[in-house]
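Here is a friendly tour of one model. Please keep the sequence and the 3D view open as you read.

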Amino acid sequence: MNVSMTVNNTSYERDVEPRTLLVDFLRDDLGLTGTNIGCDTSQCGACTVHIDGAAVKSCTVLAAQADGASITTIEGLSINGELHPMQRAFTEKHGLQCGFCTPGMIMTAVKLVESYPEPTEEQIRHGLEGNLCRCTGYQNIVQAVDEGARLTEAHSPFESTPAEHQITLREAERRAWERSRT
Ligand code: FES
Ligand code: FES
């Protein structure tokens, strides 16, 4: 089947198997391998991307369900070669070790601070519950998100409109259904 979507501000149209997961489409068809597959069972959050402004685990969505959507992956976060403040914060606060979970963490964190521009530690830890890290013990990740919130506020080009920080598969399906009707 044919699907078309905008990914990182570029339009793509491809033929895919109906069963193709969005994460596989992004990695295999578009070569955007920054989005990782950690579990394939919607547990780890390594595959998190933004779909129409919401953080979604892309292993829970079929490419067909994202037909017509606007998607941002970790590769699309920077502007004119400048890292997104949340990316900088993860670097500066050492919010990673092996880095495998990091793209998903950052994609979730970006949406988290849109909902909570000055998040408490509790809000950060709660907001990251869907993202697992096997290396860091989370402390530096929490500090990185806190710093990322501060830096995001200070850098207006990266300021974004309020949005949900993570939506459910059911909500992603509802939106896909609505798009298919227009
Ligand atoms: S690969 Fe999608 S949640 Fe783990
Ligand atoms: S830094 Fe290795 S899994 Fe998180």
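The notes below cover a strand with its partners, and then a pair of helices.

## About the model

This is a predicted model: local features need pLDDT of at least 70, side-chain atom pairs count only at pLDDT 80 or more, and totals for chains, interfaces and linings use all residues. Residues are numbered from 1 along each chain as its sequence is written, while chains are lettered from A and ligands numbered from 1 in the order in which they are written.

β3 pairs with β4 (residues 54-57) in the antiparallel sense over four bridges; pairing requires at least two DSSP bridges. The two strands form a hairpin with two residues between them, and D52 in the turn has a positive phi of about 50 degrees. β3 also pairs with β5 (residues 70-72), again antiparallel, over two bridges. H50 stands opposite A55 in β4 and opposite T72 in β5.

## Helices α2 and α5

Next come α2 (residues 85-92) and α5 (residues 139-154); helices are DSSP runs of H or I, at least four residues. In contact (C-beta atoms, placed from the backbone, within 7 Å), P85, M86, R88, A89, F90 and E92 of α2 meet A144, E147, G148, L151 and T152 of α5.

Note on methods:
Axes are lines fitted to C-alpha atoms, for helices over the stretch in contact, and angles run from 0 to 180 degrees between N-to-C directions. Two residues are in contact if their C-beta atoms, placed from the backbone, lie within 7 Å.
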